[in-house]
Amino acid sequence: MDELEARIEELAAREELASIRPDLDGRAVMEHLGIGPGPRVGEALAFLLELRLEEGPLGPEEAARRLDLWWPTASAHR
């Protein structure tokens with residue numbers, strides 16, 4: 001029974017983590033940065049997800065502001 005309860009807790013934690021999304025979606029990122037679909041959108045979403053995990057929800061406006069600060073350094077490395 002203890003093993004089953006532990007497994008249920010583990011699955012619940014995974015579901016919670018999987019449900020966390022960045023404050024902007026891919027379409028919003030593309031529109032905000034003026035770019036099309038591609039790996040750069042994924043990099044931006046990964047950056048925003050990392051912020052979300054570290055700081056919690058930022059809201060769309062703050063996420064866009066942070067994206068603006070991050071984007072010049074990220075695009076310079078390409």
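## Basis

The model is predicted: local features need pLDDT of at least 70, side-chain atom pairs count only at pLDDT 80 or more, and totals for chains, interfaces and linings use all residues. Residues are numbered from 1 along each chain as its sequence is written, and side-chain values use heavy atoms, with hydrogens and water left out.

## Overall fold

The protein has 4 helices and 0 strands. Its pattern along the sequence is α-α-α-α. Helices (H or I, at least four residues) and strands (E, at least two) are DSSP runs, numbered from the N terminus.

Of the 78 residues, 24% count as buried. Buried means under 20% relative accessible area, exposed means over 50%, and partly exposed lies in between (1.4 Å probe, protein chains only). The accessible surface comes to about 5,700 Å². Carbon and sulfur atoms hold 55% of that surface. These areas come from the Shrake-Rupley method with a 1.4 Å probe; for residues, only the protein chains shown count as cover.

Contact means heavy atoms within 4.5 Å. Among contacts with a separation of 6 or more, 57% are between residues 24 or more positions apart.

## Helix α2 and its buried face

Helix α2 spans residues 26-33, and its buried residues are Gly26, Val29 and Leu33. Seen down the axis of α2, they fall within an arc of 60 degrees, so they line one face of the helix. The arc is that of the directions from the helix axis to the C-beta atoms.

Arg27 and Glu31 are exposed on the other side of α2. The cover over the buried residues of α2 includes α3 (39-55) and α4. Gly34 follows α2, and its phi is positive, near 70 degrees.

## Aromatic cluster

Rings of Phe, Tyr and Trp (its six-membered ring) pair if their centres lie within 6.5 Å; planes under 30 degrees apart count as stacked, over 60 as edge-to-face and the rest as tilted. By this rule there are 2 aromatic pairs. In one of them, the rings of Phe47 and Trp70 have centres 4.7 Å apart and planes at 10 degrees, so the pair is stacked. This pair links distant parts of the chain: Phe47 sits in helix α3 and Trp70 in helix α4, 23 residues apart.

Phe47 counts as buried, at 19% relative accessibility. Trp70 is buried too, at 18%. The rings of Trp70 and Trp71 have centres 6.0 Å apart and planes at 50 degrees, so this pair is tilted. Trp71 is buried at 15% relative accessibility. Phe47, Trp70 and Trp71 form one aromatic cluster.

Arg66 lies in helix α4, which covers residues 60-76. Is this arginine buried or exposed? Arg66 counts as buried because its relative accessibility is 19%. Its side chain makes a polar contact of 2.8 Å with the side chain of Glu62. A polar contact is a pair of N or O atoms within 3.5 Å; within protein, one must be able to donate a hydrogen and the other to accept it, and residues adjacent in sequence count only if both atoms are side-chain atoms. Leaving aside residues up to four places away in sequence, Arg66 touches Phe47, Leu51, Glu55 and Leu58.

Ala74 also lies in helix α4. Ala74 is buried, with a relative accessible area of 14%. Ala74 and Glu43 are 31 residues apart in sequence, and their C-alpha atoms are 8.5 Å apart in space.
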